[in-house]
Amino acid sequence: MKNFKEQINPDKLPQHIAIIMDGNGRWAKGKGMFRVFGHQNGVHTVRKITEAAAEIGIQFLTLYAFSTENWNRPSFEVKALMELLVDTIAKETPDLMKNNIRLVTIGQMEALPEKCQKQLQQTIAATSANSGLTLILALSYSAKWDLTHAVKSIAHAVKQGTLKADAIDEITINSYLSTAPYPHPDLLIRTSGEQRISNFLLWEIAYSELYFSPKLWPDFSPEDLYQAILDYQNRERRYGKISEQVSEQE
Ligand code: IPE
Ligand code: IPE
Ligand code: MG
């Protein structure tokens, strides 16, 4: 029996994978440890999964690292997560360079502590010419925040006369989202067994394939990622059409 990686069809790779990294707290609790220990171990998984995705030729990987709603967690957990973020980005920059990975972010960057913003800006600038995987970190992000922000900007443009209300279409709306520069995810993975979206990319996942893994994020391995990709490759994306039309196109 071949392993999952060997069964992947390199010609049918998802161009963009998005992941809701969930289950760090439960993983730590299961080991009798504090939640922050789970986040620290979650960082190792981020590194392994990012490198595995880059290695097999995935072009875009979006990781949901901190949601708008996560600001409502106990302040010491928020603080620990922000510190972990700065430390990790600083430490990982050489490896991002080595692996030709470009880092970008989506979300309300101004809400992050100044130290985080500065470190992120540095690494984003340092990796901006890398041509391999684009790693999109969703930080202080929620889909409703992004959509609200977009609607406001569109309203301003209409008021100023640079945009006609009648000309607004899906392409216009898409162009005002923080995800505008990237293709929409082909595959959305959530770990930890929860089957919900938690205010992640609502507009962009309209036609994404959804995959729920029971593994807690610190336990999610490259083999689990390959298994999800294989599952994706065995699905038929019909976009509202019927099966015969889809197979004719191929
Ligand atoms: C995901 O793990 C990481 C973040 C949301 C920052 P959780 O911290 O949500 O872990 P659980 O879901 O409580 O186990
Ligand atoms: C979603 O996980 C947010 C991130 C993974 C960053 P949560 O753990 O915050 O989601 P809920 O609250 O269980 O839906
Ligand atoms: Mg959670």
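Predicted model: local features only at pLDDT ≥ 70, side-chain atom pairs only at ≥ 80, totals over all residues.
With R35, the contact goes through the side chain: one of its polar atoms sits 2.8 Å from an oxygen atom of ligand 1. With G25, it is the backbone that takes part, an N or O atom there lying 2.9 Å from an oxygen atom of ligand 1. As for how much of ligand 1 ends up covered, the ligand exposes 380 Å² when taken alone, and the protein buries 87% of that. The space that ligand 1 takes up is the largest pocket.

Now for ligand 2. The space it takes is, again, the largest pocket. Around ligand 2 sit I20, M21, D22, Y64, A65, F66, S67, N70, R73, R190, R196 and S198. Here a strand leads the way: β2, residues 60–67, provides four residues, the largest share of the shell. The class count for this shell is five nonpolar, three polar and four charged residues.

Side chains make the polar contacts picked out here for ligand 2. R196 has a polar side-chain atom 2.7 Å from an oxygen atom of the ligand, and N70 has one at 2.9 Å from a ligand oxygen. For D22, an N or O atom of the side chain is 3.2 Å from an oxygen atom of ligand 2. On its own, ligand 2 has 390 Å² of accessible area, and the protein covers 77% of it.

Strand β2 also has a part in the aromatic pairs. A search through the whole structure turns up eight of them. One is formed by F60 and Y182, whose rings are 6.1 Å apart from centre to centre, with 55 degrees between their planes, a tilted arrangement. This pair ties together distant parts of the chain, as F60 belongs to strand β2 while Y182 lies in the loop between α7 (170–175) and β5 (187–190), 122 residues apart.

Methods
Residues numbered from 1 in each chain as written. Chains lettered and ligands numbered in written order. Heavy atoms only, no water. Near = heavy atom within 4 Å. Polar contact = N/O pair within 3.5 Å; in protein donor to acceptor, adjacent residues only side chain to side chain. Areas by Shrake-Rupley, 256 points an atom, 1.4 Å probe, with all protein chains shown as cover. 1 Å grid on protein atoms, 1.4 Å probe; cavity = no way out; pocket = protein on both sides within 12 Å on 5 of 7 lines; lining within 4 Å. Sits in = over half its atoms within 2 Å of the grid points. Helix = DSSP H or I, 4+ residues; strand = E, 2+ residues; numbered from the N terminus. Nonpolar A, V, L, I, M, F, W, Y, C, P; charged D, E, K, R; others polar. Phe/Tyr/Trp six-rings, centres within 6.5 Å; stacked < 30°, edge-to-face > 60°.
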